[in-house]
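Trainee: I would like to go through some labels and ask what each one rests on.
Mentor: Go ahead, one label at a time.

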Amino acid sequence: MGERSIHHGELQHDDVRELLAQHFTEMRAGSPPSACHVMTADALVRDDILFLSLRGDDGELLGVGALRTLDATLGEIKSMRVADGARGTGAGRAMLDAIVAEARTNGMTRLSLETGTGALFEPANRLYRAAGIERCGPFGGYRASDFTLFYTRAI
């Protein structure tokens, strides 16, 4: 794969909105309602969320992700999703690395995230474990469930 670039914002771009809509639909279909915390594109437009997109050198959207500020030192990884055509190319790791870099730039010292279990979530869980992100308990108002996994990592 060629060069990749990270872009801030882009929530108004059609390809970004389409990928987020696909993500929203799949997460809602694959998660119990009580444990589904996926956000729509419009819900990601908030002062405490920095939205990122990853594009290839041809401008193709490869993935998206968001960093939510929980407090001065703690951030949450939100809405990470790789485009279907970019799976297995390292795009997920590139987005995760970009979120970590943004968190450090903003003075955060820890990142946490919430995700699910099962086949739909296994690629994400493998990525997080490979990146040294470790299982932890609930944070930021989330509640424990048999479906939900929580991860955290000092950065």
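Trainee: Why is arginine 17 called partly exposed?
Mentor: Buried means under 20% relative accessible area, exposed over 50%, and partly exposed in between (1.4 Å probe, protein chains only). Arginine 17 has a relative accessible area of 31%, so it is partly exposed. This is a predicted model, where local features need pLDDT of at least 70 and side-chain atom pairs count only at pLDDT 80 or more, while totals for chains, interfaces and linings use all residues. Residues are numbered from 1 along each chain as its sequence is written, and side-chain values use heavy atoms, leaving out hydrogens and water.

Trainee: What makes aspartate 42 exposed?
Mentor: Its relative accessible area is 53%, so aspartate 42 passes the limit for exposed.

Trainee: How do you know that arginine 17 forms a salt bridge with aspartate 42?
Mentor: A salt bridge is a side-chain nitrogen of Lys or Arg within 4 Å of a carboxyl oxygen of Asp or Glu. The closest N and O atoms of arginine 17 and aspartate 42 are 2.7 Å apart, so the pair qualifies.

Trainee: Why do lysine 78 and glutamate 76 count as a salt bridge?
Mentor: Because their closest N and O atoms are 3.9 Å apart, the pair falls within the cut-off. Both residues, lysine 78 and glutamate 76, are buried.

Trainee: How many salt bridges does this rule give?
Mentor: The count is 13.
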